[in-house]
Amino acid sequence: MGSDNRKRYALVTGASRGIGRAVAVRLAKDGYFILVNFVSNQQEAENTLEEIRMAGSDGELLRFDVSNADDTSGALAKWHEEHPGEYIEVLVNNAGIRKDNLMMWMPADDWRKVLDISLDGFFNVTQPLLKNMIVAKWGRIINMVSLSGIKGMAGQTNYSAAKGGIIAATKALAQEVAKKKITVNAVAPGFIRTDMTGDLPEAELKKLIPTGRFGEPSEVAELVAFLASENSSYITGEVISINGGLYT
Ligand code: NAP
């Protein structure tokens, strides 16, 4: 990140709600122009944009389905055409879904969908943005994974596999691009209060967490902002947990 006055762009996938929204607003506070990706929830994406403006920056909505390679590459190519000479220097791969079931009962479609969005989504979005980061010799890639991808969680073989795959890809890609001053890290939350965890029995689950509560999206966003900053230059290929002591 240079100290010049050029516009600095950060793309946050799944920024219409939850952790993605909090990350988008937090990076806006650091002066980034935010590309707010979402797949279907235009109104919520607009609400994120409103919060970005209230935080003193600006942004634009960029709708695409991260699991669809053509949709994603098309949207990113169009953005580059409309912004000649500009590049996206911070990428937060945050979009994700859960479709929990014991493996014994899991429909193949629920296995596929979770891998398509998380794991293929990571490839579909990251691959087209890498070249410009390499040419610019600066970049930050932050992948939202999960405790489930480190420890494995019963009822989440699909989700654990997807997040575990991204963790391995994070470590591999970090080694490929380190010399170009691009860092690639993963953030692994435990239970964070968002729509994704809205159906979970919070009162029961929080008894298992040493801090005695679910985390807030803004707490995850602080960690992402640090990893996006110049100050984290010597951290790459890492998976950083943020789980209230649930698993260390
Ligand atoms: P959330 O509240 O359910 O929000 C999910 C976001 O992803 C929404 O913005 C949604 O867009 C977007 N999205 C879903 N499918 C997409 C697709 N195919 N293409 C583009 N965007 C898509 O989820 P969250 O809790 O904030 O989770 C964010 C990330 O953190 C996920 O990767 C999740 O696995 C991870 N995580 C969450 C927790 C937790 O406790 N909440 C814990 C560990 C890891 P629309 O609004 O358009 O649907």
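1. Rings of Phe, Tyr and Trp (its six-membered ring) pair if their centres lie within 6.5 Å; planes under 30 degrees apart count as stacked, over 60 as edge-to-face and the rest as tilted. The count by this rule is three aromatic pairs. The model is predicted, so local features need pLDDT of at least 70 and side-chain atom pairs count only at pLDDT 80 or more, while totals for chains, interfaces and linings use all residues. Residues are numbered from 1 along each chain as its sequence is written, and side-chain values use heavy atoms, with hydrogens and water left out.

2. How many degrees lie between the planes of Y9 and F33? The angle is 70 degrees, with 5.3 Å centre to centre, and the pair is edge-to-face. Y9 sits in strand β1 (residues 9–12) and F33 in strand β2, 24 residues apart, and the pair links distant parts of the chain. Helices (H or I, at least four residues) and strands (E, at least two) are DSSP runs, numbered from the N terminus. Both Y9 and F33 are buried; buried means under 20% relative accessible area, exposed over 50%, and partly exposed in between (1.4 Å probe, protein chains only). Y9, F33 and W79 make up one aromatic cluster.

3. F191 and F214 form a stacked pair, 5.2 Å centre to centre and with 15 degrees between the planes. This pair also links distant parts of the chain, 23 residues apart: F191 is in the loop between β6 (182–189) and α7 (202–205), and F214 in the loop between α7 and α8 (217–228). F191 counts as buried because its relative accessibility is 16%. F214 has a relative accessible area of 1% and is therefore buried.

4. The largest pocket has a volume of about 990 Å³. It is lined by 41 residues, and the closest to its centre are N94, G96, I97, R98 and M196. On a 1 Å grid over the protein atoms alone, a pocket is an open set of points where a 1.4 Å probe fits, with protein on both sides within 12 Å along at least five of seven lines; lining residues have an atom within 4 Å of a point. A volume is the space filled by probe spheres set on the points, which are joined across faces, edges and corners.

5. Which elements supply at least two residues each of this lining? They are α1 (18–29), β2 (33–38), α5 (147–151) and α6. The most comes from α1, with three residues. By class, the lining of the largest pocket has 19 nonpolar, 16 polar and six charged residues.

6. The second largest pocket holds about 160 Å³ of space. Its lining includes W138, R140, K181, E230 and Y234, and divides into four nonpolar, three polar and three charged residues.

7. N158 is found in helix α6. Its relative accessible area is 0%, so N158 is buried. A polar atom of the N158 side chain lies 2.9 Å from the backbone oxygen of K99. Neighbours within four places in sequence aside, N158 is in contact (heavy atoms within 4.5 Å) with residues including K99, M106 and W111.

8. S160 also lies in helix α6 (residues 157–177). S160 counts as buried because its relative accessibility is 13%. The side chains of S160 and S148 are joined by a polar contact of 2.7 Å. A polar contact is a pair of N or O atoms within 3.5 Å; within protein, one must be able to donate a hydrogen and the other to accept it, and residues adjacent in sequence count only if both atoms are side-chain atoms.

How values were computed
Ala, Val, Leu, Ile, Met, Phe, Trp, Tyr, Cys and Pro count as nonpolar, Asp, Glu, Lys and Arg as charged, and the others, Gly among them, as polar.
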